[in-house]
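Please open the model in a viewer and keep the sequence panel at hand. The stops below are arranged as a series of selections.

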Amino acid sequence: MTAAVFIGCSFIAFGPALALCVCTIAAEPLRLLFLIAGGFFWLVSLLLSSLVWFIAVQIGGSNNASVKKNLLIFGVMVSVLLQEVFRFAYYKLLKKANKGLMTISQEETLPISVRQLSYVSGLGFGIMSGVFSLVNILTDSLGPGTVGIYGDSPQYFLSSAFMTLAIVLLHIFWGIVFFDACEKKKWWALALVILSHLLVSGVTFQNPQYEGSLVPSYIIMMLMATWAFFTAGGSLRNLKLCLMCRDKDFLLANQRPR
Amino acid sequence: MSGDTGVIHVVEKEQDLKWVLTDGPHPPYMVLLEGELFTRELMLQLKGSSRISGLAVAISKPSPAQGFSPGLKCPNDGFGVYSNNYGPQYAHCNWTVWNPLGNGLAYEDFNFPIFLLEDANETQVIKQCYQDHNLPQNGSVPEYPLCAMQLFAHMHAVTNTVTCMRRSSLQTAFSLNPEEVCDALSDYNVWSTLKPINTSSKIDPMDEVIIVATRIDSHSFFWNVAPGAESAVASFVTHLAAAEALHKVPDVQKLPRNIMFTFFQGETFDYIGSSRMVYDMQMDKFPIRLDNIHSFLELSQVALRNSSVLWVHTDPVSRRNESIQPQVKTLVEALINSSMGANVTLQEVSQSQPLPPSSFQRFLRAKQIPGVVLADHRTSFQNRYYQSMYDTAENILMKYPEGLSPEETLDYVTDTAKSLAEVATVVARALYQLAGGTGNTSAIQADPRMVSRMLYGFLIKTNNSWFQSIIKQDLKGLLGDELPQHYIAVTTLVNTTQLVQYVLANLTGTVVNFTKEECLNPEKTPNPEKEMYVYTWVQGSRDPNSTSRVPFCVQSTVHLTKAASPAFELKQWGSTEYSTWTESRWKDIRARIFLVASKELEIITLVVGIAILILSLLATYFINAKAHVLFSSPGDGGAVAY
């Protein structure tokens, strides 16, 4: 649907991620490193899960549509589980790396806190996941046409973009909650994260009824957002403080180091 | 480069055009036109409009009853012999309009792509998409998303030959990676002599040669669609049959004069083949010189004879010459004598009528030679589909009964084949007499079955068992299953030229007992005879029991000479003396249909995207600035580190 749709959809899906990168990641080299490494870990998990799905299809291999769909569902579940496994693996790696960095830099505190790491890794996962979801769709959207000649919904590009936006943000929130759960050994929280990820991926099988998939995803995203907010140290009191004493703190905030 | 896109509109009657040109609210439109409406008036209306981004023409089955010819009313005008210096009253078809149905569409410049839809199923798919999405509901305007079509046909060359050849030559001269934009139309002429001659030297100046000529190419409005049944195929098939009949006569090698059977390629485009041969003869690059030519016999369109009359055309201007006039009379008499007993009535046209468009005119331009052109029309063409996509087997009334297998169809003798065989018989007998033959000519007969096989092979399917048996072994792409097209193209040796070469070799050559190595390398075994002949190793027919073929060696006198306009050799790209036709280069020719959304939806998407981006930038900035407040637990004073 031409350049307008291409730019519009890419901004919808990657606008917040871009904003987050520009404001929080770009200035700090360490965060950038961990962001890219996080993206790489997500890529490896995707590679493995696609290998699993490919083998399953070769074994199962028939032209039956329902068998193919079942194999796809199986592939998606395996992919979700592998992503979470790799998130855990990244957590372990980051702990080790942090210890190493501490010995080299001869400082007493860790150069980057686990909370920041969780946010950065979540963002890395989210960006890479979003890119892989949406890039092919974006290149198709550059052409002059739109989806629909075979009867599909013409809202394909828009809903894909919004879904990708939800996934990107969800990965950030999952990252925060996941790392915190690993730190504090709260295994039920871990299970909930994995369950919600499975739920969001599963709900996309409702497409092309986009209301059926987008609405639950956004609801889950809001819930995860609040959970992550509280996990990260926020509270209603802080929120009120922030919103009411806006002017004073805004002026002072720029002078205080973060 | 990105193709032309437009909303599809089906035009089935004249009134539908109004929507496209003025009323429709979603320009530009891509018009799907019924073949019957493809006329000059409609096309000129579309040409002037900026609301058209392309056109797809659905071929009309059956062919339009009123005739259709996108060629000129006066074909090859200005490149024949009649000009202000030679027979000015005959120039520019002032005396006879040869192609009155010609609307000249193929010579107009259109700035949008025009495609031909030959498959009725494809046309139906497009019409179905149009009916599902583009039809106005109850008089109201159709709503987005609408069905649209994109036609890719980007042509790299612009303006004219002079411009594109100049650009190409600059590229070749100065660029490391030259991007040429056009190519000259060129191919090869096929010629063969009755008595073998040594092609590496010139023949004796006292030797006389009679040239028999036909064209082997055609054209239509659309690229590479050129069935050319009446305008080319029937003529060269008759010519091939006459050559075969002559070679069967026992005493032909002792005839005083030689006969050269010439098949000119590119005659449709201002006589490319014949002008090149005349040029080569004048420049002494051809074994035969213009002075060796005793007479000229050309077969123009011969398939649609009205009550079996074949008309003999001559050039009135050269007949005023006292030495030419008696020779022409001899020619005509030989022809009339040969038609006794055959179902062909030869009649001369009025002596003040000029020659129709023919290769003979190029020879006359160089030297006055006695010659005739045989045609089935007295004044204007009988062919109502001259140089169009409708000049197919149906146009020359080739009818096969239902239910025949391809092999049976190959061998079935149609009435058209019988009629062409009679013309070939007359021509062969006349040539025998003209070449000085004194024997009885009643034994000279063309074979209708061979004519029918050739007509099948050149008009319906080239991939038949006979063609397969006469071609060389390794040629895979030569024979196809789709309808054969006879366009000269820019790649050398198109299928038509090669097939004519092999058929001529098979019909006029002899089988010799050579091994494959001897046949492929004749210069290895010294033998003075071998200079005069051309040896071809053909794959032979399949044994009915086994799957392998029995190849053999054919000795013939069939040669190829280049048929490229001398204008390109001389680098005179704006020449009015020689043909300067070129074809533009192109990369992609394809089409696709899809739905398009309204501009408003696209702008809304863009605006929403920008809004979300700005919103997220603002939100992130504020959250970042307040992070130390938002994310601190009570009791900690700042970033908590675990």
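**First stop: strand β11 of chain B**

Select strand β11 (residues 309–313) of chain B, which is mostly covered: five of its five residues are buried. Buried means under 20% relative accessible area, exposed over 50% and partly exposed in between, with a 1.4 Å probe and protein chains only. Strands (E, at least two residues) and helices (H or I, at least four) are DSSP runs numbered from the N terminus.

The model is predicted: local features need pLDDT of at least 70, side-chain atom pairs count only at pLDDT 80 or more, and totals for chains, interfaces and linings use all residues. Residues are numbered from 1 along each chain as its sequence is written, chains are lettered from A and ligands numbered from 1 in the order in which they are written, and side-chain values use heavy atoms, leaving out hydrogens and water.

Display the side chains of β11(B). B:V309, B:W311 and B:H313 point one way, B:L310 and B:V312 the other way, and all are buried. In a regular strand the side chains alternate between the two faces of the sheet.

Strand β12 (residues 345–348) of chain B pairs with β11(B) in the parallel sense over four bridges, and B:T345 of β12(B) stands opposite B:V309. Strand β13 (residues 371–375) of chain B runs antiparallel to β11(B) and is joined to it by three bridges; there, B:L374 is the bridge partner of B:V312.

**Strand β7 of chain B**

Move to strand β7 (residues 186–193) of chain B. Seven of its eight residues are buried, so the strand is largely enclosed by the rest of the structure. Strand β17 (residues 558–564) of chain B pairs with β7(B) in the antiparallel sense over seven bridges, with B:A563 as the bridge partner of B:D187. Strand β9 (residues 258–264) of chain B is also antiparallel to β7(B), through four bridges; look for B:W191 opposite B:T262.

Now select B:Y188 and B:K562. The charged end of B:K562 sits over the ring of B:Y188, 5.0 Å from its centre. This term requires NZ of Lys or CZ of Arg within 6 Å of the ring centre and within 35 degrees of the ring normal. Likewise, the charged end of B:R590 sits over the ring of B:F152, 4.0 Å from its centre.

**Aromatic pairs**

How many aromatic pairs does the structure hold over all chains? There are 38, where rings of Phe, Tyr and Trp (its six-membered ring) pair if their centres lie within 6.5 Å, and planes under 30 degrees apart count as stacked, over 60 as edge-to-face and the rest as tilted. Select B:F110 and B:F221, an edge-to-face pair at 6.2 Å centre to centre with 65 degrees between the planes. These residues are 111 apart and lie in loops, B:F110 between β3 (52–58) and β4 (114–117) and B:F221 between β8 (209–215) and α5 (229–248) of chain B. B:F110 and B:F221 are both buried.

Then compare B:F296 and B:F360, a stacked pair at 5.0 Å centre to centre with 20 degrees between the planes.

**Last stop: chain A**

Finally, select A:S118, in helix α4 (residues 114–141) of chain A. Is A:S118 buried or exposed? A:S118 is buried, because its relative accessible area is 2%.

Note on methods
Pairing = 2+ DSSP bridges.
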